[in-house]
Structure formats: C-alpha cells, structure tokens
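Q: I'd like to go through this structure at the level of single residues. Can we start with the charged pairs?

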Amino acid sequence: MALTELRRAMPEHQRHPHAHGHAHADAHAGQEAPTQPAKAGVKWTCPMHPEIIRDAPGSCPICGMAMEPLSPSAATDDVSPELADMSRRFWVGVALTVPVALLVMQPHLLGHMPVAPRLSVWAEMLLATPVVLWGGYPFFERGWRSVVNRRLNMFSLIALGTGVAYLYSLVAAFFPSVFPASFRSADGEVALYFEAAAVIVTLVLLGQVLELRARSQTSSAIRALLDLAPKEARLVRVDGVEEDIPLDRVQPGDVLRVRPGEKVPVDGIVTEGHSAVDEAMITGEPVPSEKEPGSKVTGATVNTTGTFQMKAERVGSETLLAQIVDMVSAAQRSRAPIQSLVDTISAWFVPGVVAVAIAAFIAWSVWGPPPAMGHGLVNAVAVLIIACPCALGLATPMSIMVGTGRGAMAGVLVKNAEALQLMEGIDTLVVDKTGTLTEGKPRLVGVYPIGGIAEPELLRMTASLERGSEHPLAAAIVSGAEARGVRPPATSDFTSISGKGVTGMVDGHHVAVGNAALLAGIGIDPGGLSKTADELRADGQGAMLVAVDGRPAGVIAVADPIKESAAAAIRSLQEQGVRIVMMTGDSRRTAEAVGRRLGIEEIKAEVLPEQKAGAVKELQSSGRRVAMAGDGINDAPALAQATVGIAMGTGADVAMESASVTLLKGDLKGIVRVRRLSRVPCATSARTCSSPSSSTRSRCRWPPACSIPPRESC
C-alpha cells in the first residue's frame with residue numbers, strides 16, 4: 001500500500017491523537033515558513049515536545065528542534081531535507097573556519113606573524129562572515145522565534161552569543177579607535193572574536209547533523225515496518241476471475257487468494273484451502289501456524305506451503321501491522337523522564353546568563369575605570385561567549401558516537417548515553433521468549449522408538465518421508481538426521497494430508513508421520529505414543545507420531561532450544577534484585593516449560609504486539625522502571641515503550657531500530673554487562689588489574705564500589 005494512503009485511511013483520532021488535546025499549543029507557537037512543502041492532511045510535531053502540533057513543518061517554538069511528521073507514513077524520504085541542508089552548511093563552515101582558526105593561532109604555532117596583523121583581521125572577517133551569517137542563519141532564526149514566543153532555549157543563547165561576538169568584532173575591525181588602550185595588544189590591535197563565532201557555529205552545525213542523522217535512522221524503523229505490507233493483492237471476483245489490484249483498493253468483504261510464498265495482504269479469515277502461515281512477526285512462534293477454513297490470518301505474515309482464499313476483514317489503518325506502526329511511532333515520540341528536568345534547567349539557564357551579562361555591563365559601566373562603557377561592553381560580551389552552550393549542541397551526539405564504539409568492542413551497541421544512565425535504575429526486565437531466551441529455530445532434539453525398532457532406523461525412515469514434505473518442522477528433522485550421519489533413502493507413493501501429516505513407502509515399508517488424527521484416519525491405534533507426545537509437549541517440545549507397517553513405531557521431538565547464556569544471565573539479574581517477566585506470543589504450555597528451565601515464575605503467554613506495549617506501560621504506571629528485551633517485529637512497540645529497549649542483534653532490523661541497546665551477538669549476558677556498566681564508571685586502565693584489592697584499586701584507579709570483575713571489559 002502507498003504509505004500516504006495507509007495513513008490517509010486512518011480515522012482522525014488515530015492519525016492525530018494529540019490534535020484535540022493540545023490545539024492550544026499552536027496559539028503560542030507563532031508563525032514560521034515551513035522548511036519543506038506541507039503535505040495535505042499531515043500533522044507535524046516536535047520530537048521533544050509532543051504537545052506542539054502544527055499543520056506545516058518548521059521549528060519547535062520551545063526547543064528549536066525541527067518538527068517531524070506525526071503520522072509515520074509521512075516520513076518516507078530516505079534523506080531528510082533538513083539533514084541535507086545542515087550537512088551542506090556544516091561542510092562549508094568547516095572549509096572556512098579552519099583557515100580562520102589557523103590565522104588566529106599563527107603566533108602560537110609559528111612563533112611569529114607571517115601574515116600582517118591588519119591583513120589577518122580582514123581575512124578573518126571575510127572568512128567568518130559567511131559561516132556566521134549563512135551557516136548560522138537557522139540558529140539566528142530559531143533564536144529570534146524563541147524570543148518572540150517567549151520560549152528561550154539553547155538557540156537563544158547560541159544566537160545571542162555568536163551574534164554579539166560577530167557584531168563586536170565588526171566594530172573592532174572597522175572602528176578600533178572607539179576602544180580604550182587597555183584593550184589593545186602590544187601591537188595596538190583590538191582583540192577580535194571572529195574565530196570564536198565561526199567555530200561555535202560550525203560545532204553546533206556538527207551537532208545538528210549528528211542528531212538529524214540519528215533521527216533519520218530511527219525513522220527507518222517505521223519505514224521498514226510499512227514496507228512489510230505487500231504492494232498488491234490478488235482479488236477473486238464473483239465470476240471467478242482473478243486479478244492483481246493495489247492494496248489500497250482492497251475493501252472489507254473482498255475475497256483474496258494467497259499463493260505459496262506470498263504475504264497475506266490484509267487481516268481476514270480463511271474461507272477455502274489449507275496452508276501453514278509464518279506468523280513469527282506477530283506471535284514470535286518459530287513454527288508456522290496451520291490454517292484451514294475459519295482460521296484468522298494477519299496481514300504481512302508469510303504463506304509458506306499451500307494456497308488458500310480469504311475474506312478481507314480489516315484493511316488500511318485497521319490492520320494489525322498499521323496499529324504496530326502507530327504504537328512504535330507514538331512510543332518513539334514519548335518524552336523521557338529526564339526531559340522535564342532539561343526543560344526546567346533550560347528555562348532558567350538562558351535568562352540567567354543574559355541577566356549576568358546585563359549585570360556585568362551595568363557594574364562595569366557604573367564602577368569600572370574609564371572608559372567605563374567600553375569595559376562594560378567587553379565584559380558583557382565575554383559572559384555571553386563563555387556561557388554560549390556550544391557543548392550542548394555537540395556533546396550529546398559525540399557521546400553517543402563514542403559510547404557506541406566502545407560498547408561495540410564488548411558486543412553491546414548503546415544507541416544513546418541516556419539508556420546507559422537509565423539502566424542503573426531498572427528494576428524489571430520484560431523478556432521475549434522466541435529468539436531472545438531461545439535460538440528461534442526449531443531443531444531435532446529427540447527420537448523415541450518403541451516396538452523394537454532401532455533409533456537410527458526410525459530417524460532414517462522419518463527423515464526420508466519428511467524430505468518430500470513442506471511442513472514447517474520437516475526441514476528441522478531432515479537437517480537433524482544429516483547432522484547425526486543418517487542418510488535418508490528414496491521415498492515412493494508420497495502423500496500429504498493437510499493438517500494431519502504425510503505417508504509413503506520407504507524401503508518397502510509403509511510409513512506415516514503426523515498427529516494422532518493421521519494415525520486414527522488410517523486405522524492405527526497410537527497406544528503409548530500419545531502419552532509420550534503429551535509429556536514432550538508439556539516440556540515445550542513439538543512431537544510427531546510415527547507408524548511403520550500399521551504399527552506404532554515411535555515419537556520424533558522437535559523444539560526451539562534455549563540459548564546457552566540464558567540461564568546464567570537470568571540468574572545473575574535475579575540475584576541483583578531485578579524482577580524478570582517473560583512475555584511471549586507463544587502458547588502457555590511452551591512458555592511455562594521454558595520458564596521452568598530458566599527459573600522464571602512470572603509468565604505472560606499468548607500476548608499480541610499491542611498487548612505487549614500495554615503490559616510494559618502498565619508496569620511503568622505502577623512505578624516500575626522497565627527494560628524490555630526482544631528480537632522480533634512483534635516486540636518493536638514494547639521496545640520503544642520501555643524505559644530501555646534491548647534488542648538482539650540476531651533479530652529483526654525494526655527491533656534494533658526501536659531499541660536503545662542492541663546485543664550484537666544476541667548474548668543475554670550483554671544485559672548483565674550493560675547494567676554493570678551503568679552502575680560503575682570503570683577506568684580504562686582498570687582492565688589490567690589482577691585483583692580488586694584495595695592496593696590494586698589504588699594502583700589502577702579502580703573505583704572502590706566497582707562490582708565488575710577486574711579482567712572484564714568495560
């Protein structure tokens with residue numbers, strides 16, 4: 001479906017959830033020219049202040065950040081126009097600022113002035129002017145709006161500091177005689193701040209580029225979700241004629257055909273045919289689900305084997321995929337708890353700096369030595385330049401980049417420094433099952449023969465028959481047999497009975513593999529096989545009954561194995577007082593079996609994606625600080641909603657984009673490592689320590705409260 005059409009089809013209250021509750025925000029926002037053409041029906045909001053809602057793009061009147069589309073489908077461009085503009089301004093700024101800095105530093109670098117002082121002044125002015133006036137124009141524009149809207153922010157101070165420094169330098173360059181002799185250097189020149197203004201503008205531009213690039217990567221998670229939907233559906237008309245139509249033309253009640261390997265176009269119900277549909281993106285279950293008439297199917301899931309017809313029930317914005325997109329987008333726009341503190345500090349910091357600068361000007365003008373006004377002006381400018389928060393525009397993006405590189409060395413990718421800080425206070429970990437606690441791929445785990453048939457022979461016959469099957473577990477049995485050195489022979493008279501199993505001839509023996517209904521259908525009493533199968537299923541394993549020549553022969557068990565690191569990681573977190581909650585879309589029986597092995601008592605099974613995000617929100621509303629660990633598309637809304645989202649690097653890209661922390665190898669011990677890192681700021685040199693004794697800490701600068709083993713990487 002075209003992305004704009006997907007969102008356009010949504011009801012008003014879903015497309016613009018804040019529009020009614022915060023319409024008053026526009027009254028305070030002022031008017032500004034949009035930075036790109038506005039799209040009809042699209043609302044724009046500030047990523048840091050979601051109460052600000054606009055009909056056109058622009059800058060937030062509170063913090064000055066660029067507005068972004070409220071509806072995820074509007075963010076379809078791979079490259080943000082603002083990112084391209086800021087990048088262009090930054091590189092031009094770098095090209096002109098470097099020579100300015102070299103001109104100013106020439107006495108310190110060379111010990112003399114190869115360029116005449118007066119010539120250097122004009123060169124600095126000519127190079128710095130386009131950097132400040134053109135490169136810094138967005139900051140002056142945002143700073144002016146912040147004053148008009150009475151919402152002072154970082155850009156207020158940047159614009160004021162760089163503007164005053166530049167204007168002061170212009171006066172000093174053209175009219176140096178107005179300044180007293182006490183402000184002149186030994187050669188009679190007045191000190192200039194051209195390089196300071198240019199460097200500050202360039203550094204803040206760098207910070208904006210890094211920030212916009214990070215936000216663009218976050219938007220790619222939304223685009224990836226929207227791309228999961230197929231572009232077309234095969235419509236079955238009343239007269240039986242079939243044709244491919246665009247997805248946005250599908251209406252509730254339409255009959256659609258889904259062929260093997262195709263994605264289910266919309267949510268609906270099977271009306272004809274049998275198949276198995278891979279629903280891992282919704283349920284997390286690695287084994288495709290059998291579908292027959294009356295079964296519900298979900299849009300964007302994959303049909304693996306047979307063909308079937310379905311009746312469309314929910315289309316457009318009503319589909320589960322569209323709801324997941326909305327939840328991920330809303331969670332990503334939600335405010336972090338620390339943002340309220342940042343807003344409070346910003347509200348007082350900017351007026352405070354301006355007040356100090358004014359006080360300095362008045363004090364020097366009244367009590368300073370003559371010429372008092374000259375002294376007052378210079379000191380007021382000094383306060384503004386020193387307090388200009390160039391670090392605010394650069395420090396956070398740079399810390400993200402450095403933290404990402406350091407964490408990657410230890411197999412942990414930390415997207416932002418705030419996530420590392422918040423991990424210290426996490427008291428609840430909600431963890432997905434499939435792909436997070438388990439490997440996420442079914443494997444052959446057991447062969448249980450009865451009636452005197454040998455285990456290798458039972459496996460050989462079963463694998464031979466399953467080699468011709470399209471059943472989701474067939475590949476696991478065949479690969480498991482090959483791993484054990486069993487070579488399946490040829491099969492004849494192969495028959496697949498949908499929803500029951502397969503039969504055929506192997507080396508002159510009639511073999512049947514499937515469920516109890518299959519054996520009952522061909523007149524075979526499963527006997528003790530049913531009890532064995534029930535015990536295996538209670539342990540979270542899939543069981544298939546095997547009969548040879550009309551008699552029960554054994555049971556083949558297939559399961560999704562638990563990761564080797566899972567038990568140790570869960571135990572370590574529980575010892576630290578972290579509450580562990582398993583939340584999965586898989587069946588309760590399977591989830592409880594995994595929970596028993598790992599010592600997890602609190603289990604929420606058969607949970608849909610929207611319920612996962614709701615469960616996380618419910619825990620947060622009760623005062624819990626929640627981290628969510630998952631790997632699938634169905635986990636993305638919960639990962640974005642959680643205080644800290646932790647994604648498996650072996651999982652879906654959407655999950656990694658929605659999370660703040662990614663475990664590159666999917667090793668759960670990485671969660672323990674991240675939590676330890678957040679609790680103690682390790683000194684780099686401490687990694688060489690041999691023991692955490694008091695003398696060692698002194699020699700290696702090991703923090704007294706550090707709980708990390710000495711040789712563990714920080």
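Q: Which side chain meets Asp-539 in a salt bridge?
A: Arg-597, with N to O at 2.7 Å. A salt bridge here is a side-chain nitrogen of Lys or Arg within 4 Å of a carboxyl oxygen of Asp or Glu.

Q: Where do Asp-539 and Arg-597 sit in the chain?
A: Asp-539 is in the loop between helix H18 (529–538) and strand S19 (542–548). Arg-597 is in helix H20 (residues 588–598). The pair links distant parts of the chain, 58 residues apart. Helices (H or I, at least four residues) and strands (E, at least two) are DSSP runs, numbered from the N terminus.

Q: Before I go on, what kind of model is this?
A: A predicted one: local features need pLDDT of at least 70, side-chain atom pairs count only at pLDDT 80 or more, and totals for chains, interfaces and linings use all residues. Residues are numbered from 1 along each chain as its sequence is written, and side-chain values use heavy atoms, with hydrogens and water left out.

Q: Back to that pair. How accessible are Asp-539 and Arg-597?
A: Asp-539 is partly exposed at 30% relative accessibility. Arg-597 is partly exposed too, at 46%. The cut-offs: buried is under 20% relative accessible area, exposed is over 50%, and partly exposed is in between (1.4 Å probe, protein chains only).

Q: What does Asp-507 pair with?
A: Arg-460, with the closest N and O atoms 2.7 Å apart. Asp-507 is partly exposed, at 46%.

Q: Now Arg-145. Which residue is its salt-bridge partner?
A: Glu-141, at 2.8 Å, N to O. Both are in helix H6 (residues 137–148), and because they are 4 residues apart, about one helical turn separates them.

Q: Why does that spacing matter in a helix?
A: An α-helix has 3.6 residues a turn, so residues three or four places apart point the same way.

Q: Is Arg-145 buried or exposed?
A: Buried, at 12% relative accessibility. Glu-141 is partly exposed, at 28%.

Q: Switching to rings. How many aromatic pairs are there?
A: The count is 4. Rings of Phe, Tyr and Trp (its six-membered ring) pair if their centres lie within 6.5 Å; planes under 30 degrees apart are stacked, over 60 edge-to-face, and the rest tilted.

Q: What sort of pair do Trp-122 and Phe-174 form?
A: Edge-to-face, 5.1 Å centre to centre, with 70° between the planes. Trp-122 is in helix H5 (residues 117–135) and Phe-174 in helix H7 (residues 154–174), so the pair ties together parts 52 residues apart in sequence. Trp-122 is partly exposed at 30%, and Phe-174 is partly exposed at 46%.

Q: Which ring does Arg-89 lie over?
A: The face of Trp-134, at 4.9 Å from the ring centre. For that, NZ of Lys or CZ of Arg must be within 6 Å of the ring centre and within 35 degrees of the ring normal.

Q: Next, H19. Which of its residues are buried?
A: In helix H19 (residues 566–575) they are Ala-566, Ala-569, Ile-570, Ser-572 and Leu-573. They cover an arc of only 165° around the axis, which puts them on the same side of H19. The arc is that of the directions from the helix axis to the C-beta atoms.

Q: What comes just after H19?
A: Gly-577, with a positive phi of about 90°.

Q: What about Asp-493 and its phi?
A: Phi is positive, about 55°, although Asp-493 is not a glycine. Asp-493 lies in strand S16 (residues 491–497) and is exposed, at 59%.

Q: Last one: where is Gly-207?
A: In helix H8 (residues 194–227). Gly-207 is buried, at 0% relative accessibility. The C-alpha atoms of Gly-207 and Phe-90 are separated by 9.6 Å, though the two are 117 residues apart along the chain.
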